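Please examine the sequence and the model below before reading on. The explanation that follows is intended for a reader who meets this structure for the first time.

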Amino acid sequence: MTGQPADRLVLWVHNTLTREKERFTPLDPANVRMYVCGPTVYDFAHIGNARPVVVFDILFRLLRRLYGADHVTYVRNITDIDDKIMDRAKRDGTSISDVTAHFTKAYSQDMGELGALPPSLTPKATDHLPQMIRMVEGLIAKGVAYAADGHVLFHVPAMESYGALSRHGRDELVAGARVEVAPYKRDAADFILWKPSDAGQPGWDSPWGRGRPGWHLECSAMIEEHLGDTIDIHGGGLDLIFPHHENEIAQSECCHGKPFVRTWMHNGYLTVDGEKMSKSLGNFHTVRDLCRQFPGEALRLSLMTAHYRQPIDFSLDHVAEQKRRLDRWYRLTDGVKPSEMVPPAVLQALCDDLNTPKALAAMDALATPDGADDLLAAGRFVGLLLQPATDWFQASSGRGAEGPTGDEIEALIAARKAARDARDYQEADRIRGVLADSNIILEDGPDGTTWRREG
Ligand SMILES: [Zn+2]
């Protein structure tokens with residue numbers, strides 16, 4: 001298949017730029033190009049960071065299905081230059097490269113636990129300094145940027161259409177840029193492209209002295225390098241619209257004189273237990289901690305229950321509920337061969353601006369003995385039901401606050417065997433009863449005793 005949507009499915013997505021749901025038509029169906037802003041690698045990812053990863057992973061899977069797996073390029077960058085990284089290295093008494101290597105690896109492991117496919121490319125900012133410097137030079141040459149006092153700034157009034165994505169007025173633009181009030185600014189809304197580094201800070205030689213890029217510039221340069229001047233889809237969280245994405249547009253469009261992004265997609269906010277997640281409120285969850293309590297698929301499913309543009313309220317109870325939903329699906333699909341086709345109702349729901357709640361409802365409707373093969377095909381397509389049911393029930397029983405862990409169950413099974421070997425059947429039955437009270441079902445077979453968790 002080369003570049004023609006399969007099954008005559010039509011993808012509609014909401015474009016933040018026009019605030020409309022639009023029929024998606026890639027510039028080149030043989031190479032659909034998507035970019036999502038990746039992590040700044042100075043700490044473990046939290047559950048809010050995981051939301052765009054899961055949302056755009058589902059879109060990536062859908063685009064691969066529509067245009068062919070070899071016809072979609074998904075780039076998600078690693079921001080490995082940032083003041084937060086310098087602070088972390090100082091605090092931990094380690095080097096910047098150790099911090100970024102450690103958290104880059106942790107990020108890809110954690111996102112893998114959530115069933116996210118690796119993007120086609122994960123470029124690092126530090127590998128793109130020449131491209132960034134070239135872009136700044138180009139912006140200065142075009143008269144939209146200026147060097148002052150070791151800094152280079154983008155001059156916002158030089159771009160008439162600035163603010164089109166966020167639809168912010170002048171007051172909001174100035175307020176948004178307030179963090180960088182400085183005497184060298186020609187206009188209060190101007191933003192940093194390049195800033196000087198002192199001896200203790202990471203820096204690169206440039207025509208403006210030793211320094212480092214601003215964050216917005218990193219994405220513009222990596223997109224230019226790996227996807228070209230105009231791309232099909234740019235994604236990220238709602239909080240990135242302004243100033244980050246607005247500034248990416250300013251840099252790239254002024255540099256290339258072409259439209260930068262055809263479709264902007266933004267996922268909604270995530271709260272935890274009804275509040276903004278924060279360490280001081282005690283409702284802060286890293287993906288890593290959550291994966292000790294729940295299988296990654298339960299976390300993934302929990303993030304899929306809301307439409308991506310809506311806010312989502314995350315809670316441990318909600319994940320536990322989604323874990324039970326998966327238990328049901330796994331029991332039904334145990335030993336079943338998946339259908340060859342993904343059920344049309346699921347694909348149609350996803351083609352309607354990634355309507356995951358509707359797709360999940362279609363999957364629930366398939367959760368019957370007759371629909372199990374379709375349910376399994378749908379699950380695998382959206383990154384769920386990926387393991388054999390026995391693995392699911394054994395692995396997931398080691399997590400969660402309720403019931404014995406996998407090790408404890410194994411110890412009880414060993415004790416029961418010892419009792420049986422000693423012909424103490426009363427004790428053996430007592431142990432079986434203890435496990436049954438925790439919904440652990442034992443099955444004695446020729447190769448010994450296996451167990452699974454019911455319910
Ligand atoms: Zn970005």
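This is a predicted model: local features need pLDDT of at least 70, side-chain atom pairs count only at pLDDT 80 or more; totals for chains, interfaces and linings use all residues.

Residues are numbered from 1 along each chain as its sequence is written, and side-chain values use heavy atoms, with hydrogens and water left out.

The protein chain is divided into domain 1 (6-267), domain 2 (271-395) and domain 3 (403-453); such bounds come from an automatic or database domain assignment. Between the C-alpha centres of domain 1 and domain 3 the distance is 54 Å.

Strand S3 comprises residues 32-36. Helices (H or I, at least four residues) and strands (E, at least two) are DSSP runs, numbered from the N terminus. Because 5 of the 5 residues of S3 are buried, the strand is largely enclosed by the rest of the structure. Here buried means under 20% relative accessible area, computed with a 1.4 Å probe on protein chains only. In a regular strand the side chains alternate between the two faces of the sheet. In S3, Val32, Met34 and Val36 point one way, and Arg33 and Tyr35 point the other way.

Two strands pair if DSSP finds at least two bridges between them. S3 runs parallel to strand S4 (residues 72-76), to which 5 bridges join it; there Val36 has Arg76 as its bridge partner. S3 also pairs in the parallel sense with strand S9 (residues 231-237), over 3 bridges, and Tyr35 is partnered by His234 in S9.

Which protein atoms are the donors of the zinc ion? They are Cys37 (SG), Cys219 (SG), His244 (NE2) and Glu248 (OE), lying 2.1 to 2.2 Å from the ion. Donors are N, O and S atoms within 2.8 Å of the metal (3.2 Å for Na, K and Ca); water is not among the atoms, so sites may look incomplete. Cys219 lies in helix H6 (residues 215-227) and Glu248 in helix H7 (residues 241-256), so this pair ties together parts that are 29 residues apart in sequence. Cys219 is buried, with a relative accessible area of 1%, and Glu248 is buried at 0%.

Trp264 lies in strand S10 (residues 261-267) and counts as buried, because its relative accessibility is 1%. Leaving aside neighbours within four places in sequence, the contacts of Trp264 include His234 and Glu248, where contact means heavy atoms within 4.5 Å.

Terms used:
Buried means under 20% relative accessible area, exposed over 50%, partly exposed in between (1.4 Å probe, protein chains only).
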